[in-house]
Amino acid sequence: DPMPRETMAAKRERALEVARRMNEHYPAAECALVYGGDPFRLTIAVLLSAQTTDKGVNKVTPRLWERYPTPADLASADVRDVEDIIRTIGFYHTKAANVIKAARMVVADYGGEIPHDIDELQKLPGVGRKTANVVLNEAFGIVEGIAVDTHVFRIAHRLKFAGPSADTPAKTETALLKLYPRAWWGPINHQWVLFGRQTCIARNPKCGECFLCDLCPSCGKA
């Protein structure tokens with residue numbers, strides 16, 4: 001006998017209960033990148049953090065800012081010097097080039113300020129929708145959407161908040177935006193990533209100790 005289809009109302013009720021429990025477990029999930037409240041430095045740090053740990057990024061950024069305190073300084077940097085500073089993080093070669101190009105663009109096109117707009121932000125080299133969402137969210141308190149990284153994608157599908165046809169991050173984001181009222185979007189960006197790292201891991205998720213097991217259709221069989 002096939003499972004009865006969940007109504008949108010029932011799914012939304014389940015989604016809100018998930019959000020409430022996430023709030024209990026991760027009351028004020030902070031951005032793990034240290035950037036001193038400067039939107040430009042945050043953007044560069046997020047750009048550097050792709051496919052590497054926040055801890056690794058926090059190790060190299062102090063030297064980077066000491067050497068290049070302003071966007072203009074970084075815009076005129078020699079790529080080999082930047083490579084030298086960020087050598088310990090993944091893909092440092094590409095990232096060094098992107099960091100300088102992004103700084104040049106911020107100086108030339110945006111008067112040295114990070115734009116408060118998701119489309120403009122994505123014009124910066126190395127900045128995708130996910131990075132743009134994090135910057136808007138964290139630096140300006142603007143919540144434009146939900147940043148769907150590998151963790152959020154996996155969790156959305158395991159919780160069956162996104163169907164099999166939502167096979168890309170963009171389609172998964174659309175499904176979540178329909179499900180959650182806007183006020184809930186911001187915390188998802190932080191909380192689901194922590195949950196994905198600690199409990200709902202890619203291989204062998206820890207269903208036995210998961211605080212969402214009774215709300216999750218995949219629990220124990222993921």
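Mentor: A term to begin with: a disulfide is a pair of cysteine sulfur atoms within 2.5 Å. This is a predicted model, where local features need pLDDT of at least 70 and side-chain atom pairs count only at pLDDT 80 or more, while totals for chains, interfaces and linings use all residues. Residues are numbered from 1 along each chain as its sequence is written, and side-chain values use heavy atoms, with hydrogens and water left out.

Trainee: How many disulfides does a search of the whole structure find?
Mentor: It finds 1. C213 and C219 form it, with their sulfur atoms 1.6 Å apart. The link is left-handed, at -95° about the S-S bond.

Trainee: Is C219 buried or exposed?
Mentor: C219 is buried, at 17% relative accessibility. Buried means under 20% relative accessible area, exposed over 50%, partly exposed in between (1.4 Å probe, protein chains only). C213 is partly exposed, at 28%.

Trainee: What about C210?
Mentor: C210 is in no disulfide; its nearest cysteine sulfur, in C219, is 5.9 Å away. C210 is buried, with a relative accessible area of 17%.

Trainee: New topic. Which residues of α5 and α6 make their contact?
Mentor: With contact meaning heavy atoms within 4.5 Å, α5 uses V79, V82, E83 and I86. From α6 come Y92, H93, K95, A96, A97 and I100.

Note on methods. Helix = DSSP H or I, 4+ residues; strand = E, 2+ residues; numbered from the N terminus.
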